Amino acid sequence: MIELATSSWTDVQEHVAAGGTLAILPFGALEQHGPHLPLSTDTLQADGLARRLAARFDAILMPPVPYGQTWDNAGFPGTVSLSAATTTAVCLDLVRAVTGFGITTTVIVNGDYGNRLPLHSAAQQLATESIDVIVLDYPGLIEAGDDVKETPWAAPGLCHADEIETSLVMALAPGTVRSDRMAASYPELPADFGMRPLRFDTLSPSGVFGDPRPATADKGQRLLMLLEQHSAAAVQRHLDALGGAVHPSASAPDLN
């Protein structure tokens with residue numbers, strides 16, 4: 001793999017000429033994750049997974065996008081949100097730019113739920129331009145969470161400043177975690193949760209959904225490994241469908 005941010009243009013030219021036409025783009029957010037996790041949590045996680053995929057596929061790693069569509073967390077100081085249209089536009093511009101110097105497939109590692117619709121909208125638009133994009137929304141997250149976590153979900157598949165996210169940040173950036181501020185929060189969620197826009201501050205005053213206290217760095221490493229395996233399998237299936245060549249280290253992983 002090569003990192004776009006620390007490479008020269010000739011490094012990129014040589015990598016692409018040698019067949020390295022896969023790019024990995026981590027797309028994060030700057031939003032609250034309770035009193036104990038940094039605002040950059042989603043970006044840290046997306047970048048951490050993207051780095052592992054770039055190494056596995058010998059791909060070009062793009063710098064993470066540190067902002068996203070996070071209106072639902074706007075009630076907490078420090079959260080900085082893009083509009084959905086801007087999130088889509090940023091994605092379009094970045095993918096078109098790398099396509100211009102020879103990238104044939106861009107894998108977007110999405111780190112935030114609010115980015116899903118904007119990023120998939122961008123992918124759909126790019127498809128009409130015959131530009132190949134795959135958006136990964138943490139495939140296998142529920143299975144990985146069930147395998148690792150000790151605490152119940154705040155809602156099926158919902159992890160926000162809970163044991164899962166806290167464990168991941170402990171593995172990726174342990175110095176940013178404030179263990180002394182950890183506290184469980186299981187808000188009562190409305191029956192239509194997930195079906196309409198809701199501000200998180202009206203549901204959980206702390207911004208936590210779950211229990212972060214049993215989190216450990218070891219659990220975070222286990223989660224990263226499982227997410228990497230599921231994500232790599234999804235990318236491999238996509239590349240196989242295209243008939244594209246893949247670096248040997250990207251062979252389909254064992255999920256057992």
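**Helix contacts and a parallel sheet**

Thr 41, Asp 42, Leu 44, Gln 45, Gly 48 and Arg 52 of helix H2 meet Glu 165, Leu 168, Val 169 and Leu 172 of helix H6; contact here means heavy atoms within 4.5 Å. Helices (H or I, at least four residues) and strands (E, at least two) are DSSP runs, numbered from the N terminus. The residues of the contact of H2 with H6 divide into 4 nonpolar, 3 polar and 3 charged. In this division Ala, Val, Leu, Ile, Met, Phe, Trp, Tyr, Cys and Pro count as nonpolar, Asp, Glu, Lys and Arg as charged, and the others, Gly among them, as polar.

The model is predicted: local features need pLDDT of at least 70 and side-chain atom pairs count only at pLDDT 80 or more, while totals for chains, interfaces and linings use all residues. Residues are numbered from 1 along each chain as its sequence is written, and side-chain values use heavy atoms, with hydrogens and water left out.

H2 covers residues 41–57 and H6 residues 163–172; their axes come within 10 Å and cross at roughly 65 degrees. Axes are lines fitted to C-alpha atoms, for helices over the stretch in contact, and angles run from 0 to 180 degrees between N-to-C directions.

The strands form an open sheet of 5, in the order E1-E3-E2-E4-E5, with parallel pairing. Strands E1 (2–3) and E5 (132–136) stand at the edges with a single partner strand each, so one side of each has no neighbour in the sheet. Strand E2 (residues 22–27) pairs with strand E3 (residues 60–61) in the parallel sense over 2 bridges; two strands pair if DSSP finds at least two bridges between them. Ala 23 stands opposite Ile 60 in E3. Helix H7 packs on this sheet, where H7 touches strand E4 (105–110) and E5, and the direction of H7 makes about 160 degrees with that of E5.

H7 itself has 26 residues (217–242), which at 1.5 Å a residue should span 38 Å; the end C-alpha atoms are 37 Å apart, in agreement. The expected span is 1.5 Å times one less than the number of residues. After H7 comes Gly 243, with a positive phi near 75 degrees.

H7 also has a helical partner. The axes of H5 (residues 141–148) and H7 come within 10 Å and cross at roughly 150 degrees. The contact joins Leu 141, Ala 144, Gly 145, Asp 147 and Val 148 of H5 to Lys 219, Arg 222, Leu 223, Leu 226 and Leu 227 of H7. The residues of this contact of H5 with H7 divide into 6 nonpolar, 1 polar and 3 charged.
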